[in-house]
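Q: Could you take me through this structure one feature at a time, giving the general idea and then the case at hand?

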Amino acid sequence: MTTIETPEYTTHPFFGLEDKWIETAPGELTHYHELGQGTPILFLHGSGTGVTAAANWWLNLPAISEHGRCIAIDSIGYGQSVVAEGTAYGIKEWVRHAVRVLDALGIEKTWIVGNSLGGWLAFQFAIDFPERLLGIVSMGTGGAKLTGALAGHSNPNLTEDGIRKTLELFVVDKSLVTDELVALRYQSALNDTASDRLADVVAARDRDRHELPLDFEVLGRLEIPVLLIHGVQDVVIPVSRTWELLNVVPHADSHIFSQCGHWSQVERAEDFNTVITQYLTSHGVTR
């Protein structure tokens, strides 16, 4: 691989996470955060406007890293990851990028913790690369039929007010959507639009929702442990998505949070961290 210049970028102190970079393909430099040691746990973020690994997982990585090696990446087309000219986006491409990250880090097998789009990717990863996967934790799993809230994601209002309204759809407790958080997501969204990526990644996601839905026949043969997490009041991806998967995946368990929307890892962060760490520990995840 040729050497790629690392961008002059530092994650905002609000998130409390150190930046790391690794070359994952010619012309591709993946931005990520890593905490802890032991069993690998790969974190895959969702697809909201201005989303990054830090903006998805800042309240979770410190606690969960006490139990394993947590690696949270900016998927290609998002955040600060640098992509090669002509990079294609889509469910399978995002999964292949995750595999390239594992290869670059010398990781043979991993757990995946995925939120929304990231949960969808986790299950597609299980279909395409089952030999690389130890287990899945998925929250508000993506790939479901289009809802009104999801349709809004396809035509985002790229203003601070638009970002606020989007984030408020994610939670029951609107006070969690602070001015500082809105401003940080807005700045990240500007990075998306500056490189003309947002339209491309949204179009790829919505295309694959119809063209590449999860293969339930294959998922019905999964032998790995799976934990499905959902908020009862999730209006972005209804809790029926979890019931749908529970009826298909043989070793799936679930945890449903009351008074919680789509952003369970933020809205119920402390409880979320407890549920996940107990589950991972019970399935052999250790430092």
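This is a predicted model: local features need pLDDT of at least 70, side-chain atom pairs count only at pLDDT 80 or more; totals for chains, interfaces and linings use all residues.

Q: How many residues lie between β1 and β2 in their hairpin?

A: Two residues separate the strands of this hairpin, and in the turn G27 has a positive phi of about 80°.

Q: Which strand does β2 pair with over four bridges?

A: Strand β2, residues 28–35, pairs in the antiparallel sense with β4, residues 69–73, over four bridges; here E34 stands opposite I71 of β4.

Q: What is the order of the strands in the open sheet?

A: The eight strands of this open sheet follow the order β1-β2-β4-β3-β5-β6-β7-β8, and their pairing is mixed. At the edges stand β1 (20–25) and β8 (252–257), and because each has a single partner strand, one side of each is left without a neighbour in the sheet. From one strand to the next, the twist averages 25°.

Q: How should I read the packing of one helix on another?

A: Two packed helices are described by the angle between their axes together with the distance between those axes. In this model, helix α3 (residues 91–105) packs with α4 at an angle of about 75°, the axes being 9 Å apart, which means that α3 is roughly perpendicular to α4.

Q: Which residues make the contact between α3 and α4?

A: Helix α3 contributes I91, K92, W94, V95, A98, V99 and L102, while α4 contributes L117, W120, L121, Q124, F125 and D128. Sorted by class, this contact has ten nonpolar residues, one polar and two charged.

Q: How many cavities of 30 Å³ or more does a search of the whole structure find?

A: The search finds two, and the second largest cavity holds about 50 Å³ of space.

Q: Which residues lie nearest the centre of the second largest cavity?

A: Ten residues line this cavity, and S47, S116, L117, G142 and R205 are those nearest its centre. The elements giving two or more residues to the lining are α4 and α8 (198–211). By class, the lining has four nonpolar, four polar and two charged residues.

Technical notes:
Residues are numbered from 1 along each chain as its sequence is written. Side-chain values use heavy atoms; hydrogens and water are left out. Two strands pair if DSSP finds at least two bridges between them. Axes are lines fitted to C-alpha atoms, for helices over the stretch in contact, and angles run from 0 to 180 degrees between N-to-C directions. On a 1 Å grid over the protein atoms alone, a cavity is a set of points where a 1.4 Å probe fits but cannot get out, and a pocket is an open set with protein on both sides within 12 Å along at least five of seven lines; lining residues have an atom within 4 Å of a point. Grid points are joined across faces, edges and corners, and a volume is the space filled by probe spheres set on the points. Ala, Val, Leu, Ile, Met, Phe, Trp, Tyr, Cys and Pro count as nonpolar, Asp, Glu, Lys and Arg as charged, and the others, Gly among them, as polar. Angles under 35 degrees count as roughly parallel, over 145 as roughly antiparallel, 65 to 115 as roughly perpendicular and the rest as oblique. Contact means heavy atoms within 4.5 Å.
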